[in-house]
Amino acid sequence: MSDLEHFVRDVSEGALDPAAALDFVSDPGFGGITMFVGKVRDLNHGRRVLGVSYDMFDPLALKVFERAAAEATARFGPRVRVHVSHAKGRLGVGDIAVVVAAGTPHRDEAFRAARAVIEAVKHEAPIWKQEHYEDGDSVWSEGCSLCGGDAGPSHEHDHDHDHDHDHDH
Amino acid sequence: MRVELSLFGAFRDLEPRGSVALDVDGERVRDLRVALEAHASARWPAFQPGLLAVSAFASEESILREDDRLPADGKVAILPPVSGG
């Protein structure tokens, strides 16, 4: 059985399933299970949000998920099981956009692994959100540039893990 | 070379088809950036050069750097700053 489960689910195929994610990362030898669930929030920068549309470059996004899980295993393993799933399409307020779960023998590694993976998903995966507001306007969220240091263009900001995106969960 | 460029995020608003075919004078990613800027400036009234400046190019396998050769199959995606999760 693989220790990584990662996928993208179009909204037409149903909602993401946190319970299934917990099942996947569970093991008789794992005493620590953590999970992050990102949901669509109803307010951002003072504007009432009705929903969010997620656009995604699927093949590369899945590779980012896989690499993040592999890095988490290298850092916090060897006994780690990771789940990453992300929704694609239009979601309403309260709908689940992303699920990350980690299972390890003890809690510290589980917390750290899940945190590392969700930060990679947010900062490195080719995923874009467009917020739809109560007044009828829609805006693509600002985000993290993937240009790196050699492209002439530079990062819009550093990648400390405590910065705030437009619609951070 | 001929590049079929897939558009994502804010770039989709500029071209409803979601992709654009470009003739690139050169074989490096930086040459594609030049070609896209020319196309966008000429064809897309709402184009913002600042968005292109912070956008990366990628194949299905990885992010491409400016000095990288363009993929032989000509399939490239442009990735504006990301905001997943």
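This is a predicted model: local features need pLDDT of at least 70, side-chain atom pairs count only at pLDDT 80 or more; totals for chains, interfaces and linings use all residues.

Trainee: Is Leu22(A) buried, partly exposed or exposed?

Mentor: To be called buried, a residue needs under 20% relative accessible area, and to be called exposed it needs over 50%. The relative accessibility of Leu22(A) is 31%, and therefore Leu22(A) counts as partly exposed.

Trainee: Which residues form a nonpolar patch on the surface with Leu22(A)?

Mentor: The accessible area of this patch, taken for its members together, is about 200 Å². Besides Leu22(A), the nonpolar patch on the surface includes Ile33(A) and Met35(A).

Trainee: Which backbone oxygen does the side chain of Thr34(A) reach?

Mentor: Leaving aside residues up to four places away in sequence, Thr34(A) touches Val100(A), Ala101(A), Ala102(A), Ala110(A), Phe111(A) and Ala114(A). At a distance of 2.8 Å, the side chain of Thr34(A) reaches the backbone oxygen of one of these residues, Ala110(A).

Trainee: How many residues does the largest nonpolar core have?

Mentor: In soluble globular proteins, nonpolar side chains tend to be buried together. Here, the residues with the most contacts inside the largest core are Phe65(A), Val84(A), Val100(A), Val117(A), Val121(A) and Ile127(A). Elements of chain A that give two or more residues to this core include helix 1, helix 2 (58-76) and helix 3 (107-124), along with strands such as strand 5 (81-92). The size of the largest nonpolar core is 38 residues.

Trainee: Which residues does Phe65(A) touch, not counting residues up to four places away in sequence?

Mentor: Phe65(A) is among the residues with the most contacts inside the largest core. With residues up to four places away in sequence not counted, Phe65(A) touches His6(A), Phe7(A), Val8(A), Val84(A), His86(A), Val121(A), Ala125(A) and Ile127(A).

Trainee: What percentage of the residues in chain A is buried?

Mentor: Chain A has 3 helices and 8 strands, which follow the pattern β-α-β-β-β-α-β-β-α-β-β along the sequence. Of the 169 residues in chain A, the buried ones make up 47%.

Notes: Residues are numbered from 1 along each chain as its sequence is written. Chains are lettered from A and ligands numbered from 1 in the order in which they are written. Side-chain values use heavy atoms; hydrogens and water are left out. Patches are made of residues with over 30% relative accessible area and no salt bridge: like charges are joined within 9 Å, nonpolar side chains (Val, Leu, Ile, Met, Phe, Trp, Tyr) within 5 Å. Accessible areas come from the Shrake-Rupley method with a 1.4 Å probe; for residues, only the protein chains shown count as cover. A salt bridge is a side-chain nitrogen of Lys or Arg within 4 Å of a carboxyl oxygen of Asp or Glu. Buried means under 20% relative accessible area, exposed over 50%, partly exposed in between (1.4 Å probe, protein chains only). A polar contact is a pair of N or O atoms within 3.5 Å; within protein, one must be able to donate a hydrogen and the other to accept it, and residues adjacent in sequence count only if both atoms are side-chain atoms. Contact means heavy atoms within 4.5 Å. A nonpolar core is a set of buried Ala, Val, Leu, Ile, Met, Phe, Trp, Tyr and Cys residues joined through side-chain atoms within 4.5 Å. Helices (H or I, at least four residues) and strands (E, at least two) are DSSP runs, numbered from the N terminus.
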